[in-house]
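Okay everyone, thanks for coming. I'd like to walk you through some helix packing and a few charged pairs.

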Amino acid sequence: MRLSSQTFTRFSPSSYPNMTSGSNSLMWFRKGLRIHDNPALEYAAKNSTHVYPLFVIDPHYMKPDPTAFSPGSNLAGLNRIRFLLESLVDLDSNLKKLGSRLLVLHGEPGEVLIRCLKEWDIKRLCFEYDTDPYYQALDAKVQSYALESGIEIFSPVSHTLFNPADIIQKNGGTPPMNCLSFSKIAGEPHWLSSSLSTTPSVIPPVGDVGNCEISEVPTVKQLGYDDIQEDEPPVFKGGESEALRRLRESTNDKKWVATFEKPNTDPSAFIKPSTTMLSPYLKFGCLSSRYFYQCIKEIEKEFKNHTSPPVSLLGQFFWRDFFYTVGFGTPNFDRMRGNKICRQIPWNNDDELLAAWRDSRTGFPWIDAIMVQLRKWGWIHHLARHSVACFLTRGDLFIHWEKGRDVFERLLVDSDWAINNGNWLWLSCSAFFYQYHRIYSPITFGKKYDPTGAYIRHFLPVLKDMPKEYIYEPWTAPLSVQTKANCIIGKDYPKPIISHEIASKECKRKMAEAYDLNKKQNGIVSDEDLQNLRTRVEDQSQATVPRRLKQKLI
């Protein structure tokens, strides 16, 4: 598929006069780290004498945090930071092919932007619209200055298929609360019938940068990170060039694209994963979701019996936009308290259990292998995410979903504010999905995909010689079998930290009581109500569980 030269814009300001030729434009990159289908970049280049493509290294996101549980900043693990830097290097390279370059500055982005707007005599500020709360606040600050200074602002919606504000307006002022409703309201994207904007043939050169200290894209070492010895090379290489290469590779098998059904993909596949693995490139905008969507639509035209949303590849885009829309339209979407769509549940506060889950020490090989893959790859299959999220929250440990969300936010290369929070709300049965009695077994769920345990053996080599009969429950293996496998449970690999059979029943009981309280209070649960419920369910658990747990695990 070839992108045509037609321009596509959303959020185009109608009150500004046309900018005269000879003015300076600033293209502020955050996500949208690409040349193709980038309406903000195209608009910045139009009728400008100079264009300043800028990325700001934000210490809020990039500064090393030596106290964190894994290498990285306090917000992002090193895998994601490395991916971002590689994406910036590739963006710089692609800009240079068009006669431009990427300008890199360091500092608080709002302050840096305002300084650049002054220093470079900018008349037009262009950036892709972002719904994340952090950028919403940042953009308001920058736009306030720009408007006061008479600077034209162009901020198109191009990270998602739809404008979340439009969907909310069509739904009467609130976001639709399920993907089916969302897709009915959204329909087909209005831009689908017209071609997307092409890569600019040329971008006006960068002008005088004045006293601004421009740098090249830094390396992780230059940011202050020590050299990290990798067991294996990173799975993902950042950048638009790699994104488009992977897209071509993923869409070469047109039948696979047309018949894709996400629920039928395999969470244990690791040599050749069963999905596109393009999510990191969509997260950073190295790949245009709209371009990807059009590629799939063209392939589907060749197949009469292609799959349909919500399970098809196109359906995955609707899920993505659905979570963006709900996140955008729901105050406090990223927390339990003050979030009107979130059930109030008296989650446990147990740092030891949380750390065991996070650090692959639960004693359940399926869960631990997934968490090892997450730490190493920065990516796990969506059903693997379901397994470990359910285990941490409503399935076994009853730990707050916000704690698990924070771990995913740090370790996932593709971590996306709206999607990450939405999925944790869903999988903890706090919102969207309420069948809390349907629990992913940490033993049998993985076994149906991978009965021999190849996935576990790869990511937990300590269990590589454990016979397949015991690979999912190694604590049940006789000592002679453990000895032969060079893996003594409780010494070389942990014993289970809980009894799944007992813990899952306790979780169901606690969820039932929490649901009853939310129903009685019509969703208005006070801190006192929640604390009283927490005390009651904990007292009930302490009266029955410890003795049975001890009997079960000895």
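**Helix packing and salt bridges**

So, on screen: Thr-393, Arg-394 and Gly-395 in H15 meet Ala-503, Ser-504, Cys-507 and Met-511 in H21, where contact means heavy atoms within 4.5 Å. This is a predicted model, where local features need pLDDT of at least 70, side-chain atom pairs count only at pLDDT 80 or more, and totals for chains, interfaces and linings use all residues. Residues are numbered from 1 along each chain as its sequence is written, and side-chain values use heavy atoms, with hydrogens and water left out.

Back to the helices, which are DSSP runs (H or I, at least four residues), numbered from the N terminus. The axes of H15 (residues 382-395) and H21 (residues 500-520) come within 9 Å and cross at roughly 60 degrees. Those axes are lines fitted to C-alpha atoms over the stretch in contact, with angles running from 0 to 180 degrees between N-to-C directions.

Now the charges. There are 28 salt bridges in the structure, each a side-chain nitrogen of Lys or Arg within 4 Å of a carboxyl oxygen of Asp or Glu.

Arg-509 is partly exposed at 23% relative accessibility, while Glu-506 is buried at 10% (buried is under 20% relative accessible area, exposed over 50%, partly exposed in between, with a 1.4 Å probe and protein chains only).

Note on methods: Helices (H or I, at least four residues) and strands (E, at least two) are DSSP runs, numbered from the N terminus.
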